[in-house]
Amino acid sequence: MAVIGEPDRSATRSRRRREVVFRMSTLVALVLVVGPAAWILLGVVLRALPHWRWSVLVTPTQGAAGGLSNAILGTLALMAGVLVVAGTLGVLAGVFLSELAPVTGRRWSVTGILHSATDVLAGVPSITLGFVGYLALVLALHWGYSLLPAVLVLSVMVVPYIAKSTESALRQVPTSYREGAEALGMRQGYALRKLVLRSAMPGVATGLLIALAISSGETAPLLYTAGFTNTLPKAALIHHPVAYLTYPVWNFYDYPTPAAHYLAYDAALVLLALVLILLIAARLVVARTQRYADR
Amino acid sequence: MAILGGATGAAPPASPVKAMRRASLARRIATAGLAHESRVWKIGGWLAASVPLGSLVFILVVLGHKAWPSVIVNGTHFFTGSAWKPGSTYGTTVHTHGFAHPAGSSYGAWPLIAGTLQTSAIAVVLAVPISLGAAFALTERLPGWLSRPLGFAVEILAGIPSVVIGLWGVLTLGPILAQDVYPAIADHMPDVPVLSYFRNPVGHGEGLLTTGLVLGLMIVPIITATTCDLFSQVPPLPKEGGLALGMTDAEVARRVTLPWVRTGIIGATLLGLGRALGETMAVAMISGAALNTISPNVFGTMGTIAAAIVTQLDSSFTDGTGFATSALAEAAVVLVVITVLANLVARLIIARSARHGVPVGRAG
């Protein structure tokens with residue numbers, strides 16, 4: 001017969017056991033996330049470093065050997081193009097969606113439709129964007145494998161991302177800033193540029209950096225729009241193929257020659273370095289603004 | 001003059017009249033610019049914000065136009081047939097329903113559709129519990145000096161290009177799994193339903209399970225990052241209340257934190273699913289990129305729609321009638337429809353939850 005007030009020890013024990021299992025499993029899960037990330041990074045770095053030559057950075061690809069200077073410059077050219085095209089369109093779209101779009105209570109508003117379209121486009125697989133770019137820009141418009149279709153396809157891919165990050169950065173700017181600007185008689189456009197956008201700049205910059213990291217690591221949309229070439233990028237928007245860093249990884253990993261394998265791993269290493277630099281830069285921007293905000 | 005001092009006041013004016021004239025001109029330009037600036041923002045914003053909608057329409061029109069011959073000629077066979085046959089591209093051309101295609105060509109995408117769904121299902125089933133556990137560890141359990149760098153590690157995992165993950169998957173992970181892990185599993189599996197899918201042969205490490213594992217790895221950061229955001233939005237008071245009532249951490253997690261963000265987690269899962277469905281390069285490298293095979297067990301080679309597009313698009317142009325490209329375009333439309341559906345369902349769930357429920361006692 002149980003005495004009232006005496007704790008049920010078996011229940012306590014099973015609860016304690018469940019608690020230990022819970023704590024252990026969260027840690028195991030974390031290890032399962034971080035472990036493979038470290039494994040991938042180390043795996044690629046350790047396979048690339050033993051035969052690493054700095055000349056890879058300055059010699060162009062020759063067949064399935066040589067260096068990567070053409071691909072590095074091509075990737076930088078693509079990133080610059082994406083920064084100009086997608087940066088402009090994405091930031092403008094974000095500003096519009098956050099600040100200027102008409103707000104109505106109705107279910108089907110123009111703003112709502114534009115919003116949903118941005119979300120839906122973010123979910124469209126990048127290979128289909130490349131497919132469309134190939135059919136419409138490379139073939140139908142006779143642009144051939146070249147810089148412009150590649151930049152356009154990559155831009156369409158990252159515009160939703162930049163728009164979203166810009167929008168959320170702008171939403172964190174206090175409303176009182178806008179009210180203050182209006183009370184001082186500033187026009188909306190001027191207040192946007194000088195006050196609202198400037199306050200949101202760190203968030204916008206972070207979004208742009210991460211969008212660049214995404215686009216520099218993409219392959220599927222580029223295979224059928226940029227082509228590949230062993231020569232350095234030319235100052236031409238169309239009719240001249242552009243090399244990029246993900247191509248050697250994809251194309252040379254199953255070649256029979258060791259030189260091709262080396263090149264694939266070298267390209268992977270350079271890519272990882274590039275992406276890491278961009279991600280760390282994004283982190284630094286955030287850390288810097290947080291330090292200011294804390295003061 | 002005073003307002004525009006920066007623009008015109010640098011040099012001392014020679015004559016007051018001239019200075020006034022210059023000032024008024026500068027001011028006129030400035031005010032005109034300011035008056036137009038709002039309009040420029042608005043017009044530019046309208047145009048830029050319409051780009052995603054325009055792109056979506058453009059994508060569907062281009063793909064739909066290209067896919068039309070395949071839709072008409074292949075009919076429902078496209079979804080049920082399991083042979084991807086280009087026919088004899090150097091042989092005779094025949095006409096069906098007015099569309100030219102090589103004799104003997106017929107396209108069934110069922111293995112690709114099934115492969116897409118199978119790999120994504122494996123990825124989601126593996127990734128969701130791991131992501132939830134990792135997010136709990138990062139937001140609730142670990143101190144900041146430890147969780148911040150580990151959070152950055154998750155961000156790095158999200159940023160690793162998919163070809164690099166594919167390279168690692170096919171040359172490092174796959175061989176290890178095929179030599180040491182898969183045989184150990186396959187040799188000890190009993191021949192009963194479900195578990196029989198894990199029996200021999202184990203293959204060479206390129207196939208369904210390896211692809212699912214790597215895809216899971218690729219969507220883990222997405223789900224983890226979203227879940228971390230969700231968990232940190234749960235107000236501390238209900239959690240502390242639970243602890244004060246004598247609940248363990250596990251019980252608080254199960255009865256307070258998870259119900260609070262349940263719909264958000266479903267949304268995050270579906271976003272991860274969308275990414276897994278459309279992932280191309282890693283799958284093309286790791287799955288074996290087969291066209292006509294549904295893997296008989298979890299180890300065999302197979303293919304997905306995205307991998308088929310990237311590996312077949314080049315060679316589809318040997319078909320002079322364009323019918324092979326048309327079939328690929330139809331496959332692409334199917335892929336877009338599947339991913340967009342997953343996305344829309346995610347948004348619907350999130351929107352519905354936002355409309356209904358403010359849980360009791362939610363404090364700012």
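Select B:Arg255 to begin; this residue belongs to helix α9 (residues 249–260) of chain B. Helices here are DSSP runs of H or I with at least four residues, strands are DSSP runs of E with at least two, and both are numbered from the N terminus. B:Arg255 counts as partly exposed because it has 13 C-beta neighbours inside 10 Å. By definition, a residue is buried if 20 or more other C-beta atoms lie within 10 Å of its own, exposed if 12 or fewer, and partly exposed in between, with C-beta atoms placed from the backbone.

The model is predicted; local features need pLDDT of at least 70 and side-chain atom pairs count only at pLDDT 80 or more, whereas totals for chains, interfaces and linings use all residues. Residues are numbered from 1 along each chain as its sequence is written, and chains are lettered from A and ligands numbered from 1 in the order in which they are written.

**The hairpin of chain B**

Select residues 93–96 of chain B, strand β2, together with residues 99–102, strand β3; the two run antiparallel and are joined by four bridges. Strands are taken to pair if DSSP finds at least two bridges between them. Within this pair, B:Val94 stands opposite B:His101, and B:His95 has B:Ala100 as its bridge partner. What lies between β2(B) and β3(B) in this hairpin? There are two residues between the strands, and B:His97 in the turn has a positive phi of about 50°.

**Two further positive phi values**

Most residues other than glycine have a negative phi. Select B:Ala289, whose phi is positive, near 45°. Its place is the loop between α11 (281–286) and α12 (305–316) of chain B. B:Ala289 counts as partly exposed because 19 C-beta neighbours lie inside 10 Å.

**Helix α6 of chain A**

Select residues 175–183 of chain A, helix α6. Of its nine residues the number buried is zero, so this helix lies largely in the open. Just after α6(A), A:Gly185 takes a positive phi of about 85°.

**The nonpolar core**

Select A:Ala268, B:Val164, B:Leu167 and B:Ile309, which have the most contacts inside the largest nonpolar core, a set of 196 residues. Such a core consists of buried Ala, Val, Leu, Ile, Met, Phe, Trp, Tyr and Cys residues joined through C-beta atoms within 7 Å. The largest share of this core, 16 residues, is supplied by α5(A). Centre the view on B:Val164: leaving aside neighbours within four places in sequence, this residue is in contact with A:Val44, A:Val249, A:Ala268, A:Leu271 and A:Leu272. Two residues are in contact if their C-beta atoms, placed from the backbone, lie within 7 Å.

**Where the chains meet**

Display both chains together: 71 residues of chain B are in contact with 70 residues of chain A. On the chain B side, helix α2 (residues 16–74) contributes the largest share, 22 residues. That side divides into 48 nonpolar, 16 polar and seven charged residues. Ala, Val, Leu, Ile, Met, Phe, Trp, Tyr, Cys and Pro count as nonpolar, Asp, Glu, Lys and Arg as charged, and the others, Gly among them, as polar.

**Each chain as a whole**

Select chain A, which has 11 helices and two strands. Its radius of gyration, taken over C-alpha atoms, is 25 Å, well over the 19 Å that the globule rule gives for 295 residues, so chain A is more spread out than a compact globule. That rule is 2.2 Å times the number of residues to the power 0.38. The C-alpha trace of chain A spans about 85 × 65 × 40 Å along its principal axes. Of its 295 residues, 48% count as buried.

The mean is 86, and 94% of the residues reach 70 or more. Confidence is lowest in strand β2 (residues 65–66) of chain A, at a mean of 80, and highest in α5(A), at 92.

Finally, select chain B, with 13 helices and four strands. Of its 364 residues, 44% count as buried.

Terms used: pLDDT = per-residue confidence, 0-100.
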